[in-house]
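Subject: Structure handover

Hello,

Here is the structure I said I would pass on. My notes follow below it.

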Amino acid sequence: MRIAVIGAGSFGTAISWVLGGKGYEVSLYARKPEVARAITDGHRNPRYLEDVVLPDSVYAVSSIAEAASGADAVAVVMPSATMRDTARQLSGAVGENTPVVVLSKGIEEGTGKLMIQVLNDELGNPLRLAALSGPNHAEEVSRGLPAATVVASQSEDTANLLRDLFFAPTFRVYTSHDVIGVELCAAAKNVIAIACGIAAGAGLGDNTAALLMTRGLAEMSRLTKALGGDPLTCMGLAGMGDLIATCSSRHSRNRTLGELIAHGGTLEEFTEKTHMVAEGAIASKTVTALAERYGVELPIGRTVRAMLWEGISLDEAIDQLLSRSPKAELQGIS
């Protein structure tokens, strides 16, 4: 069996390590030809997770079509902003029944569509599509440290197939039918992680971190319910699990971005320094726009958006949140 992994960033590299370690042949797409050659020849990614030695069954190419053509399944791990273009390139390379699972986390700017909806637009056959998400920092997955994730699909058969494909001794995989909830949690938790990073950088303490995580979870749950998902999904791996990891871990690029912002840095500085995309920065716009469309209040998300894109100060952000009138804790959820 050959699995195509589209995207050779940190998580694409980590998931290739998992799949290759199970004995699957893995064709990994890397945008730059020199990176693809280095992975194939040296079994290491020179840009991400440089210390991870990939199995011999993993090789890389610099063409999406070449990576995906003839694959038995496809895992897409590209930035959300490039998802539609990626899907279009995949459309001519994969069979109409080939399972495609998206591991990317975000919402398309402008349309408000989830990543799996973008794939469906370009690839069709929604029953072969799935989303995988959870508290899965690439740095730890690629070291074989115990982790778990959830794969969601409209089709139970597709979810079970992909569960078995990714399941490994230290990488547990659970299934779900709630694609909306899993995908919304994947995008929204990154925004809350930026808020937690800002709070940490400002020295606001553990109580504030707990406040942001729990109220952030409430925001995720309200939006999930409004879009027709199951709020209970937000209590699982894709919701609370990923939220805890992303808000508290030193591996979290979104938390790191928040800390930089608290110290007077900018989004441009972060991108230049890390060569990575902080998906939460984009999500602070797309998630809040989606919430406004459905009439859902996201005070934390809206405040993060204002700090990143509208230039309000940290003091103004704190005042904006603390001056809100108190309401029932589970309003809009229960």
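Two strands are taken to pair if DSSP finds at least two bridges between them. Helices (H or I, at least four residues) and strands (E, at least two) are DSSP runs, numbered from the N terminus. This is a predicted model, in which local features need pLDDT of at least 70 and side-chain atom pairs count only at pLDDT 80 or more, while totals for chains, interfaces and linings use all residues. Residues are numbered from 1 along each chain as its sequence is written, and side-chain values use heavy atoms, with hydrogens and water left out.

Eight strands form an open sheet in the order 3-2-1-4-5-6-7-8, with mixed pairing. Its edges are strand 3 (58–61) and strand 8 (171–176), each of which pairs on one side only. On average, neighbouring strands are turned by 25° against each other, direction ignored. Strand 1 (residues 2–6) pairs with strand 4 (residues 73–76) in the parallel sense over four bridges; within this pair, Ile3 has Ala73 of strand 4 as its bridge partner.

Helix 7 (residues 156–166) packs on the sheet and touches several strands, among them strand 1, strand 4 and strand 8. The direction of helix 7 makes about 175° with that of strand 8. Contact here means heavy atoms within 4.5 Å. Axes are lines fitted to C-alpha atoms, for helices over the stretch in contact, and angles run from 0 to 180 degrees between N-to-C directions. Helix 10 (residues 237–248) also packs on the sheet, touching strand 6, strand 7 and strand 8.

Helix 8 and helix 11

The axes of helix 8 (residues 179–201) and helix 11 (residues 253–262) come within 6 Å and cross at roughly 40°. The two helices are therefore oblique to each other (under 35 degrees counts as roughly parallel, over 145 as roughly antiparallel, 65 to 115 as roughly perpendicular and the rest as oblique). Residues making the contact include Asn190, Ala193 and Ile194 of helix 8, and Asn254, Arg255 and Leu257 of helix 11.

Two buried residues

Buried means under 20% relative accessible area, exposed over 50%, and partly exposed in between (1.4 Å probe, protein chains only). Thr13 lies in helix 1 (residues 10–21) and is buried, with a relative accessible area of 1%. Leaving out residues up to four places away in sequence, Thr13 touches Gly7, Ala8, Asn45, Tyr48, Leu49 and Leu54.

Glu108 sits in the loop between strand 5 and helix 5 (115–123) and counts as buried at 13% relative accessibility. Glu108 and Ile282 are 174 residues apart in sequence and 9.1 Å apart in space, C-alpha to C-alpha.

Regards
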